[in-house]
Amino acid sequence: MRRTLGTGTSSRTRRTALVAAGLVAALAAGASAAPAFAAPASASAASPAPVSAKVTSDKVTSGPDAEALSAALAGLPDHDATAALLRVGGDGSWRGTAGVRDVRTGAPALENARFRAGSVTKVVTAAIVLQLAAEGRIDLDGTVQRYLPGLLTEDFEPITVRQLLNYTSGLRPGASLGDTVEEGFAHRFETLTPRQVVAASVAEGPAYAPGTRQTYGNIHYTVLGLLIEKVTGDSYAHQAQVRIFRPLGMRHSSFPAAGDTGIHGPHNRGYDWIDGKLVDVTDWNMTDRFAAGDLISTTADLERFLVGLFRSRVVPEPQLDEMFTLPHVPDAHYGAALERIELNGKVVWGKGGSRPGYTAAIAATRDLSRTLVYSVNSTDAKGDGQQAAAERFAFPAFNR
């Protein structure tokens, strides 16, 4: 049986409204940092709409720690996050939505909101590459030099597709429009192509011999995106649509067109503290993240993807095993895209990601006895916000 829990007009609701009012005031103070950000004429900074967490659950006695999850949502929006969307599945399910869609109006957060999923994109990319391997179109022991001739210089030893997948390629980070939100904000409408990103990496030379160390980074998956396009003769975004999104019914997942700065469809706006002011960072050109971090999705879509992937409906065996196999290098904790984590005595495989204003994650036990998908509108998503969100939501989700 399913039930819906609400907080009505409790003291927490009134407290949440006051926090929202404070965030609205901070945005008003920060208007000079983002001239294009103007409050709607109907918005009232003094009296935003009351906000409460919306929670649905079933079989909570055998599922996640529902009390802890409810507590994690309590009080949103606050200094660290303006909204959160949470889905827990497997042995017992739990859903939660809290916070605001827009701090200027105080409108409640949308539970079906689209958001920037950041590096969760890498799992989609890995799945496409492994599908192509299952079709015999890519050899995981084949090299970048074979598939993308001329991309690397003679300074590089052969780098295999598998080494790109498990972050052991030895490639250095590529070009960026800013290593922090503060640095990137002024360049948020500029375009940096994947080829430019890779060229900057190649110009720096290799960091170490391929297959000897594991170093997480976007560059491995930027190259994999180029590899997918070369092998298929198609765009990466279209391959994701026809191979992953359409077959799984992920109707609200997409990759923005080059230069597209917005999130189309219903979404909760993203914010970040920049120079002490809360600034709307929703609109941003993410072209440079490409196959490493450009995905826009929903929690429901990502849950479909997670379950379908782990059940071998996306990538067949034995290729799927690559995602759950750590390379034989020191301190390895990533397979192909997925990270191995131990939470409350459970081995969990997952991937987190963040873009300015948004942090997201997917995670599950290998047998799908527990799954987790969340999106948090963190106000420090590229700083401590990603880890804070993981600690706030992942631990209670896997607590039983």
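**Before you start**

The model is predicted, so local features need pLDDT of at least 70, side-chain atom pairs count only at pLDDT 80 or more, and totals for chains, interfaces and linings use all residues. Residues are numbered from 1 along each chain as its sequence is written, and side-chain values use heavy atoms, with hydrogens and water left out.

**The whole chain**

Helices (H or I, at least four residues) and strands (E, at least two) are DSSP runs, numbered from the N terminus. Of the 400 residues, 56% are buried. Buried means under 20% relative accessible area, exposed means over 50%, and partly exposed lies in between (1.4 Å probe, protein chains only).

Now switch to the surface. The chain exposes about 16000 Å², and carbon and sulfur atoms supply 51% of that. Accessible areas come from the Shrake-Rupley method with a 1.4 Å probe; for residues, only the protein chains shown count as cover.

Contacts come next (heavy atoms within 4.5 Å). Among those with a separation of 6 or more, 72% join residues 24 or more positions apart.

**Salt bridges**

Side chains of opposite charge can pair when their charged atoms come close. The structure holds 13 salt bridges. The criterion is a side-chain nitrogen of Lys or Arg within 4 Å of a carboxyl oxygen of Asp or Glu.

Select Glu 303 and Arg 87. They form a salt bridge, with the closest N and O atoms 3.1 Å apart. The pair links distant parts of the chain: Glu 303 is in helix H11, Arg 87 is in strand S3, and 216 residues separate them. Both Glu 303 and Arg 87 are buried. Arg 87, Arg 95 and Glu 303 are linked in a network of salt bridges.

Go to Arg 243 and Glu 135. Their salt bridge has its closest N and O atoms 2.8 Å apart. Arg 243 sits in helix H9 (residues 236–248) and Glu 135 in the loop between helix H3 (121–134) and helix H4 (144–147), so the pair ties together parts 108 residues apart in sequence. Arg 243 is buried, at 14% relative accessible area. Glu 135 is partly exposed, at 44%.

Return to helix H11 for Arg 304 and Asp 301. Their side chains meet in a salt bridge at 2.8 Å, N to O. The two are three residues apart in the helix, so about one helical turn separates them. Arg 304 is partly exposed, with 41% relative accessibility. Asp 301 is buried, at 0%.

Select Gln 163 in helix H5 (residues 161–165). Its relative accessible area is 16%, so Gln 163 counts as buried. Show its surroundings. Leaving out residues up to four places away in sequence, Gln 163 touches Pro 158, Thr 168, Ser 169, Pro 210, Gly 211 and His 220.

Move on to Gln 196 in helix H7 (residues 194–203). Gln 196 is partly exposed, at 40% relative accessible area. Beyond its neighbours within four places in sequence, Gln 196 contacts Ala 175 and Thr 191.

**Backbone stops**

Zoom to Leu 76 and Pro 77. The peptide bond between them is cis, with omega near 5°. Pro 77 lies in the loop between helix H2 (66–73) and strand S3 (81–90).

Next, select Glu 317 and Pro 318. A cis peptide bond joins them, and omega is about 5°. Pro 318 is in the loop between helix H11 (299–310) and strand S10 (339–343).

Then pick Asn 344, a residue other than glycine with a positive phi, near 50°. Asn 344 lies in the loop between S10 and strand S11 (346–355). Asn 344 is partly exposed, at 36%.

Finish the backbone with Leu 368. Its phi is also positive, near 65°. Leu 368 is in the loop between strand S12 (358–365) and strand S13 (370–378). Leu 368 is buried, at 11% relative accessible area.

**Last stop: Asp 275**

Select Asp 275, in the loop between strand S7 (271–274) and strand S8 (277–280). Asp 275 is exposed, with a relative accessible area of 69%.
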